[in-house]
Amino acid sequence: MSDPSVTPWNQGRLRIPEAQASPASQVAVFGVAASAFVLLGWLSQNYPAAVAAVTALGIGAVVGATTSVDRFFRNAPGLLMGVLAIPVVSLAGVIVLSLVDAPPPPAGDQLVLGLGLLIWGLDWRRVTRLRLVPVATGVPMSAVAVASGPALAMTLAWLALALVSLWSLEIDQRRSYEHPRSLASSGAKRPGSDATDLVASLALTLALGLVIASFAVLPSCNLSLGDLRLPWRPSSTRVGSDHANLDLGRWLMFDLDGQISGLRLPQGGEVLPNFELDGDWWRLVAGADGRPQLENLRTGERLDLSLEGGDIVARDSDGRERARFPGVGGSEGSASNNQDLKDHQTTQWWKTALVAALAMVLLGLAAWWWTRRRRPSAADPRSWAEQQVRVLERFAADHDRPRAVDRSPRAMLADLASTVSPDPRLVRVADVLTDALFGRAEPTMEERLRTEQAIAEVIEAHPPPEQRGRRRRTSPPTLTEAADRRPS
Amino acid sequence: MESTTTRIHLKRSTVTTLLVGFGTLSGLIGLLAGRYPLTVLGLAALGAVAVDVAAAVATLAGVRLELHGPPDAVAGLPSEWVITARGVRRPVVVSPAVVPRSPRYLLEAGGAAVIALPPFSRGLIHHVVLDLTATGPLGLYQAGRRILIPLSVPLAVGPSPVPLEMAWPRPRAMAFGLTDGAPVGDDLFRGLRPYQRGDERRRIHWGATARHRQLMVRELDGTGVVGLRVLVEPGEPGPMADHVTGVAATVTADALSRGWAVQLVTADGAADRPQTPSPTPPFKSAWPTPIWHPAAATTRVAMIGGLRMAHHQLATATQGPLVAPPWGGLTCRVTPRGVLWE
């Protein structure tokens, strides 16, 4: 009889083709990268460098899109190779120049950078590689977003272009799937031909960003670090009859050096740091504990400031009122002031809650990543074989034949077959495990299943000696045994 | 029987992870530094991910699948199935949950379509497991669920016939009449033809010879029934067992084409319908539909009325003791050592 023919599981047609980007997607992605470079050039006022970078990347992308040079980047992305090329070429250039004792060429750094971009552009066909471009160019876009001027408009335009490129790449990815033969009479839609998805996503995304950001920059929700420059903050605020310890820091204005530059009155208006009061000139200073005080420029006398009933009151060391900066006054002022204080408390609460929520989200993301991180899959033939070998090692150890360090799995199984379990299938199990561990050919899924079944049946058929003993001890004696044990 | 499905799971890509990190950092820095454009950029990036997740999940939420397969299948060959999808609003991808990954089919609209499932092993298929995935417009997140579809009638996956060069023994009749109404005792006259060298002299029809002025012989159809019993001993489950059953299928088909009566004797490994398992989560290791060949407890002896009947019986043939009543015709034993005639 002829040998059986082994049917390959993974026939050629079963392989998932790697998606290739369409020309439209390639152009869109290039537009994303080029706009990022141009905006960086605008930010640094270095337009020649931006044009050079765009040109280098464009040349690489054209070459990569029109030729099959991307096959050299099958295992490593062009982005990584380009980044790695920069220090390597720089180091090589430095060594060569030092050997020939020549000065560095002009614009050498730009040349090396352009070479890296050129290499990056050569890998411009695979969808998975091009998906990285919007994210990679998003980092320099952060610098653009920090700049003043029309940063918001440019940022949003770039983001919209990045989303369009991602959408186009996703359509290319869908094109790589197989299409079933439809039995319906009506014509099927082209994959992703409906741009409703894109429009809805763009609108929702930008709306989310704008709305949440607008909400976040509201005074009650602002996380700005500007308040942290305050030299004095009360440890607690109290609302009630005792207004002496109320927070005055929020009414103070500070200059860039952190010095008090003025006093903002609750009802509006400002008090300059130097002002005339009852014929004397006074100025606003920070006391020893950071509390604001009024200092007489002529005598050096200092008055403590406190917020009372909506007015800012200056009192001397005896507690006598020396000056009153009228606020909104009366109960109405107090109510307004209380409202401000409540708002301030709300601000504190919002800040704490938002920071706590963000921290929890970050912690959750980290925990999620930790639990979902890539582990050796059970489908991996090597890890599968190692797992089976561990099972067999436990089985051998249970039968007082532990595997020695220098003993191969095949030798261990041969020993088991000759001593514990004379099962011929163990020879085949040894072949499969050895091939999976050290061979080039992966075991087929059928071989795996049969191997696992053989191992399971061998282990079940040969329980450890102590289990057999336990079972014998616990099992009730048969009638014959009982009769034999009965004293005559 | 109702199909069972897992809840919707999500899978992100590396780009998604980077985008989430970029958005979070940009948003935080923008908020802390009071930079509105940077805040918008970061939050919009996070919003894009959120919108994409919502779209992917919503796509899968209402999709229902029905699967109708062929009456039987051949081991090692893909089979065509009709899949009917309902509730498809955006493109979804269907792929059989096997390793290695089989073709992924893009279903863009509801309705019936034909897909090819990867080759099965020999045995009975009680259910098919499919992975249903969908992405959002930007492809940042992949939502998926695994659906286990039980088959109302188990699919018999029989062996693929193996081309065989075999010396057939001289047939001998074991009985007369295939049916109760068949004539018994005499052969049936079919026609006349010119004499050829080697024809029996007693077949010469003298009357026709006189009329045609050349030797003419009678052609007769025999009514004797040639019976063949095929004993199948496939050995241990594996490629060789599939090969042996494939040889048995070839022998059976050849014998049926000769008009012989064929009795197939196998150790039947068909177990009762197993309890439908719960599908494992998608995006995890997928395993081929396990086909186990339990130790045979019974011998299945059946007169084969057609190729499909032999196909079904050989699908569950396994190694075991063969107990069969006496047989008067030819007997061959198909084993890993070859076809042995008795």
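**Group meeting: strands and surface in a predicted model**

Good morning. Strand β7 of chain A, residues 292-296, pairs with strand β8 of chain A, residues 302-308, in the antiparallel sense over 3 bridges. Within this pairing, A:Glu295 has A:Arg302 in β8(A) as its bridge partner.

Let me place the two strands in their sheet. In chain A, an open sheet of 6 strands runs in the order β5-β6-β7-β8-β9-β10, with antiparallel pairing. Its edge strands are β5 (274-277) and β10 (321-325) of chain A, each of which pairs on one side only. On average, and with direction ignored, neighbouring strands of this sheet are turned by 35° against each other.

I turn next to the surface of chain A. Here A:Leu91, A:Ile95, A:Val96, A:Leu99 and A:Val100 make a nonpolar surface patch of about 500 Å². One of these residues, A:Val100, lies in helix α3 of chain A, which covers residues 78-100. Is A:Val100 buried or exposed? Its relative accessibility is 53%, and because the cut-off for exposed is over 50%, A:Val100 counts as exposed.

Finally, a residue of chain B. B:Thr133 belongs to strand β9 of chain B, residues 123-135. B:Thr133 has a relative accessibility of 10% and therefore counts as buried, the limit being under 20%. Which residues are in contact with B:Thr133, if neighbours within four places in sequence are left aside? They are B:Leu60, B:Val92, B:Val93, B:Gln142, B:Ala143, B:Gly144 and B:Phe283.

Thank you for your attention.

Key. Residues numbered from 1 in each chain as written. Chains lettered and ligands numbered in written order. Predicted model: local features only at pLDDT ≥ 70, side-chain atom pairs only at ≥ 80, totals over all residues. Heavy atoms only, no water. Patch = residues over 30% accessible without salt bridge, like charges linked within 9 Å, V, L, I, M, F, W, Y side chains within 5 Å. Areas by Shrake-Rupley, 256 points an atom, 1.4 Å probe, with all protein chains shown as cover. Salt bridge = Lys/Arg side-chain N within 4 Å of Asp/Glu carboxyl O. Helix = DSSP H or I, 4+ residues; strand = E, 2+ residues; numbered from the N terminus. Buried < 20%, exposed > 50% of the residue type's maximum accessible area, 1.4 Å probe, protein only. Contact = heavy atoms within 4.5 Å. Pairing = 2+ DSSP bridges. Axes fitted to C-alpha atoms, helices over the stretch in contact; angles between N-to-C directions.
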